[in-house]
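The stops below give one selection at a time.

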Amino acid sequence: MDDDFNTAQALAYFYDLQTHLNSLLALSKGRPTEEIISILRQGHENFSKLGWIFGLFRDDPEKYLEVQKREGLKKLNLSENEILAFIEERNAARESKNWKRADEIRNDLLSKGIVLEDTPSGTHWKLK
């Protein structure tokens with residue numbers, strides 16, 4: 001380990017590859033040619049191999065995020081069921097047009113590190 005592997009430079013090349021692949025994808029405007037598809041596939045393969053070397057992409061993203069969420073809740077001393085109960089209470093307050101109570105619940109959760117996002121499919125939460 002006495003050698004300088006210049007990890008920073010290697011990561012810069014990794015970032016450049018990602019930037020070029022994204023640019024190529026944007027240039028194709030959703031209708032890539034066979035040549036662009038081939039380049040993107042090769043780039044994806046190289047991206048995955050390089051990522052593996054750096055210790056990236058080894059975990060299933062959904063499992064990783066779920067573990068992060070559980071650990072975050074443990075640090076906040078909250079359970080998902082408590083958050084869901086607050087969301088239900090907030091939804092009921094919104095339905096009865098009790099905006100003050102709905103805002104209180106949102107602000108209380110935010111002060112505890114929970115961000116609420118209202119979407120067409122319902123209210124979702126995430127860690128701050």
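Start by selecting Asp108 and Lys112, which form a salt bridge with their closest N and O atoms 3.5 Å apart; the term means a side-chain nitrogen of Lys or Arg within 4 Å of a carboxyl oxygen of Asp or Glu. Asp108 is partly exposed at 31% relative accessible area, and Lys112 is partly exposed at 32% (buried is under 20%, exposed over 50%, partly exposed in between, with a 1.4 Å probe and protein chains only).

This is a predicted model, where local features need pLDDT of at least 70 and side-chain atom pairs count only at pLDDT 80 or more, while totals for chains, interfaces and linings use all residues. Residues are numbered from 1 along each chain as its sequence is written, and side-chain values use heavy atoms, leaving out hydrogens and water.

Next, select Glu117 and Lys126: their side chains meet in a salt bridge at 3.0 Å, N to O. Glu117 is partly exposed at 34%, as is Lys126 at 41%. Salt bridges with shared partners also join Arg90, Arg94, Arg106 and Asp118 into one network.

Arg94 has a relative accessible area of 30% and Asp118 one of 36%. The count of salt bridges comes to eight.
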